[in-house]
Amino acid sequence: MEVHYMKRALELAKKGTGYTNPNPLVGAVIVKNNKIIGEGYHHFYGGNHAEIDAFNNAMEDVTGATMYVTLEPCSHYGKTPPCAKAIVEKGIKKVVIGLEDPNPLVSGNGIRILKDNGIEVVTGILEDEGRKLNEIFLKYISSKLPFCILKTAMTLDGKIASYTGDSKWITNELSRNYVHKLRHKVSGIMVGIGTVLADNPFLTTRLKNGSDATRIIVDSNLRISLDASVLTLKSNAKTIIATTEKANKEKLKLLKNMDIDTIITPAKNDKVNLSYLMNALGENKIDSVLLEGGSTLNYSALEEGIIDKVYSFISPKFIGGSMAKTPIGGQGISLIKNAITLKNISIEKFEEDLMIEGYIRK
């Protein structure tokens, strides 16, 4: 039954997607006499942790019960008191944990507190599922670098737009809706200035109760128009312009007056240094970035090694054109043996569209 209850805890944890960053997604289930008597999850950053939420929702006394929790209970004072201490005080008899917390502030301390107080602890239940659920948190907490996802969408002959530049729409509505779920999940959405100039996108999340991510525009020469939608739209999320020392100082002042943040990176091949940018974003508590192109920025990101995961949508259409752009531009890789490859591949269908999900083989 341990797997059964941990599956339920994982389902609960997913409800916090998009609201807890940069904290992890965590779910908790309290079981007594083979019956669930309390459930909870981490609803939003700064809110009660899953264990406390489950205690608050308990329908009867939890003394002597077993708690199933997807991530090791915290042992330190952060925005909330330590959950390990609360578990001890509530008289929980046994704690089943999916994944040990890599956070140096926790990292085994929560488990140690439980064991030192006579509580039976079982670990590693559905650990792989818990690891995937919190892949963003696991990278960010250990490296302070954002988990970076590359999203592409192309026709069957590998084009992201026709030779005239028309790109609406390559994929179907179901595929595009899934992309909005990805936007809701991450802290930041990043595009190049070419995409902004060509499409004037909003880069918002068009989901009911969806949250907008911080918009990050990579603009080495500060070519962005002050009337661009990403600068003038109404949103709770900020827009950040990543540029270089070549940026026009007067324009930088105008952007500051518009409450637009800028990150000035050293130039690398006359472009924004993406590794430097990732460090800066991490320092700003942006734990994840969805990279949505265009092709030049996509290639630079792959070349720089900042991409962790890829979602590639393929629509069964042909449009041809030797001048039509592909998802990955730039100079390209000279030898096939040096190609950047994916591992842990999975494939999903959205009606006639295909989506390939995989991780960069480092």
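The questions and answers below concern how terms are applied to this predicted model.

Residues are numbered from 1 along each chain as its sequence is written. The model is predicted, with local features needing pLDDT of at least 70 and side-chain atom pairs pLDDT 80 or more, while totals for chains, interfaces and linings use all residues; side-chain values use heavy atoms, without hydrogens and water.

Me: Why is Cys74 in no disulfide?
Reply: A disulfide is a pair of cysteine sulfur atoms within 2.5 Å. The nearest cysteine sulfur to that of Cys74 belongs to Cys83 and is 3.7 Å away, and by this rule the count comes to zero disulfides.

Me: What makes Cys74 and Cys83 buried?
Reply: Buried means under 20% relative accessible area, exposed over 50%, and partly exposed in between (1.4 Å probe, protein chains only). Cys74 has 8% and Cys83 has 0%, so both are buried by the definition.

Me: What makes β6 largely enclosed by the rest of the structure?
Reply: Helices (H or I, at least four residues) and strands (E, at least two) are DSSP runs, numbered from the N terminus. β6 covers residues 147–155, and nine of its nine residues are buried, so the strand is largely enclosed. Phe147, Ile149, Lys151, Ala153 and Thr155 point one way, Cys148, Leu150, Thr152 and Met154 the other, and all are buried.

Me: How do you know that β6 pairs with β13 and with β14?
Reply: Two strands pair if DSSP finds at least two bridges between them. β6 has four bridges to β13 (residues 288–291), in the parallel sense, and Cys148 stands opposite Val289 there. Seven bridges join β6 to β14, also running parallel, with Ser315 as the bridge partner of Thr155.

Me: What makes β2 and β5 edge strands?
Reply: The open sheet of five strands has the order β2-β1-β3-β4-β5, with mixed pairing. β2 (35–41) and β5 (120–123) each have a single partner strand, so one side of each is left without a neighbour in the sheet.

Me: What makes a set of residues the largest nonpolar core here?
Reply: A nonpolar core is a set of buried Ala, Val, Leu, Ile, Met, Phe, Trp, Tyr and Cys residues joined through side-chain atoms within 4.5 Å. The largest has 31 residues, of which Ile217, Ile224, Leu231, Ile241 and Phe313 touch the most other members. Elements giving two or more residues to this core include β6, α9 and β14. A second, separate core of 26 residues includes Phe55, Leu99, Ile111 and Ile119.

Me: What makes Asn273 a cap of α11?
Reply: A side-chain oxygen of Asn273 lies 3.2 Å from the backbone nitrogen of Ser275, at the N-terminal end of the helix. A polar contact is a pair of N or O atoms within 3.5 Å; within protein, one must be able to donate a hydrogen and the other to accept it, and residues adjacent in sequence count only if both atoms are side-chain atoms. Just after α11, Lys285 takes a positive phi of about 65°.
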